[in-house]
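Colleague: I would like to learn how to read a few features of a model like this one, starting with a strand and then going on to helices and a single side chain. Could you take me through them one by one?

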Amino acid sequence: MRFGYWMPVFGGWLRNIPDEGMEASWNYVKHLTQRSEETGWDLTLIAELNLNDIKGVEEPALDAWSTAAALAAVTSSIELMVAVRPNFHHPALFAKQAANIDNISGGRLALNVVSSWWADEAKQYGLQFDEHDDRYARTREWLTVVDGLWTEKHFSFEGGRYHLTEAICEPKPASKPRPTIYAGGESDAAKTMIATQCDAYVMHGDPVEAIAPKIADMEERRAKVAGGPMQFGMAAFAIVRDSETEAKRELERITALPPQPPKGFDNFDQWLSGTQLERELKLQEYSVSNRGLRPNLVGTPEQLQERIAEYEEAGLDLLLLQMSPQAEEMDRFAAQVIAPMKSVG
């Protein structure tokens, strides 16, 4: 199992707690990432939203790609998985920018391709917002352009949205054959696109009995298009304590809803309307993003190690964890969960 964490670009992950003691600032994420390399973390996921979906739209949110470029220059080993939304980036210009960041990092860049759900954000920034299946049609074309520029000396393309003539992208990425492309989605359109054009499938949090058939389904889809082995990742929120009672007490604290929902809940209905989830999302779950509580990574170090081993047995390769407050909890998790599991492995 590889262990990754969400970069706290929004100043935290809890919608019902305004101040988690982890500011959305360059200094915080720089020190967090450098420390994570020292303590055994493998990857960080840097989300891309121009507005703050967790703390409220008027609160600070770090830009994903300039943050990634800066981190590439001040780190040495951690994989930088950076979210990218095709409707916010022209693919040819993006391919050039991302190739440069990959070279700065020495081949540690990866993409998390996200087909946007937030219509109001796109409207604020004057960008087109496609309907659900149209978003995946755009993503398919967008990925074709990016991959072509990364792998061919001269690349031409005539599509419904993008047109290139003998375009050159040099230098190529340091990663070979290309930076890893992760993507997630639960609709048939999303899964078809991912199985055909991506390298890894990332999922919202769910119990292992729900994750195992998703992995099997994607492996079957991948085999039908004669693709190579895929990687599989899952989001989760982790709480590790010396006793189960302490862990449950912390869980109660972070999920307690105040009488008046904070600003981070303003987009709840819009988020649901912009996605096609396989199961209804409960409002309390929304207090923690990405269905992070469903995997139940809450308990003692031994309990978490056992549950993580069950996911690994089901075919999961990567955990993408959120914690609060991030720096302190990541140190605790690294010492009590990551280190023992890696020493055994």
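Colleague: Which residues of strand 5 lie on its covered face, and which on the uncovered one?

Modeller: The general idea is that in a regular strand the side chains alternate between the two faces of the sheet. In this predicted model, strand 5, residues 155-158, has Phe155 and Phe157 on its covered face, while Ser156 and Glu158 are on the uncovered face.

Colleague: In what sense do strand 5 and strand 6 pair, and over how many bridges?

Modeller: Strand 5 pairs with strand 6, residues 163-167, in the antiparallel sense, over 3 bridges, and the two are joined by a hairpin that runs through 4 residues. To place one of these residues, take phenylalanine 155, whose bridge partner in strand 6 is alanine 167.

Colleague: Turning to helices, how should I read the crossing angle of helix 2 and helix 3?

Modeller: The idea is to compare the angle with a cut-off, because angles under 35 degrees count as roughly parallel. The axes of helix 2 (residues 64-74) and helix 3 (residues 91-105) come within 7 Å and cross at roughly 25°, and the two helices are therefore roughly parallel to each other. Helix 2 passes helix 3 in a left-handed crossing. On the side of helix 2 the contact is made by Trp65, Ala68, Ala69, Ala72 and Ala73, and on the side of helix 3 by Phe94, Gln97, Ala98, Ile101, Ile104 and Ser105. Sorted by class, this contact of helix 2 with helix 3 has 9 nonpolar and 2 polar residues, with no charged ones.

Colleague: At what angle do the axes of helix 1 and helix 11 cross, and which residues make the contact?

Modeller: The axes of helix 1 (residues 26-38) and helix 11 (residues 326-344) cross at roughly 5° and come within 11 Å, which makes helix 1 roughly parallel to helix 11. Helix 1 contributes Tyr28, Leu32, Arg35 and Ser36 to the contact, and helix 11 contributes Gln326, Ala327, Met330 and Asp331. By class, the contact of helix 1 with helix 11 has 4 nonpolar, 2 polar and 2 charged residues.

Colleague: Finally, is isoleucine 308 buried or exposed?

Modeller: Here the cut-off is again what decides, because buried means under 20% relative accessible area. Isoleucine 308, which has its place in helix 10 (residues 301-313), counts as buried because its relative accessibility is 0%. Not counting residues up to four places away in sequence, isoleucine 308 touches Met1, Phe3, Leu297, Leu319, Phe333, Val337 and Met341. The C-alpha atoms of isoleucine 308 and leucine 319 are separated by 8.7 Å, and these two residues are 11 residues apart along the chain.

Methods
Residues numbered from 1 in each chain as written. Predicted model: local features only at pLDDT ≥ 70, side-chain atom pairs only at ≥ 80, totals over all residues. Heavy atoms only, no water. Buried < 20%, exposed > 50% of the residue type's maximum accessible area, 1.4 Å probe, protein only. Pairing = 2+ DSSP bridges. Axes fitted to C-alpha atoms, helices over the stretch in contact; angles between N-to-C directions. Parallel < 35°, antiparallel > 145°, perpendicular 65-115°, else oblique. Left-handed = near helix turned anticlockwise from the far one by under 90°. Contact = heavy atoms within 4.5 Å. Nonpolar A, V, L, I, M, F, W, Y, C, P; charged D, E, K, R; others polar.
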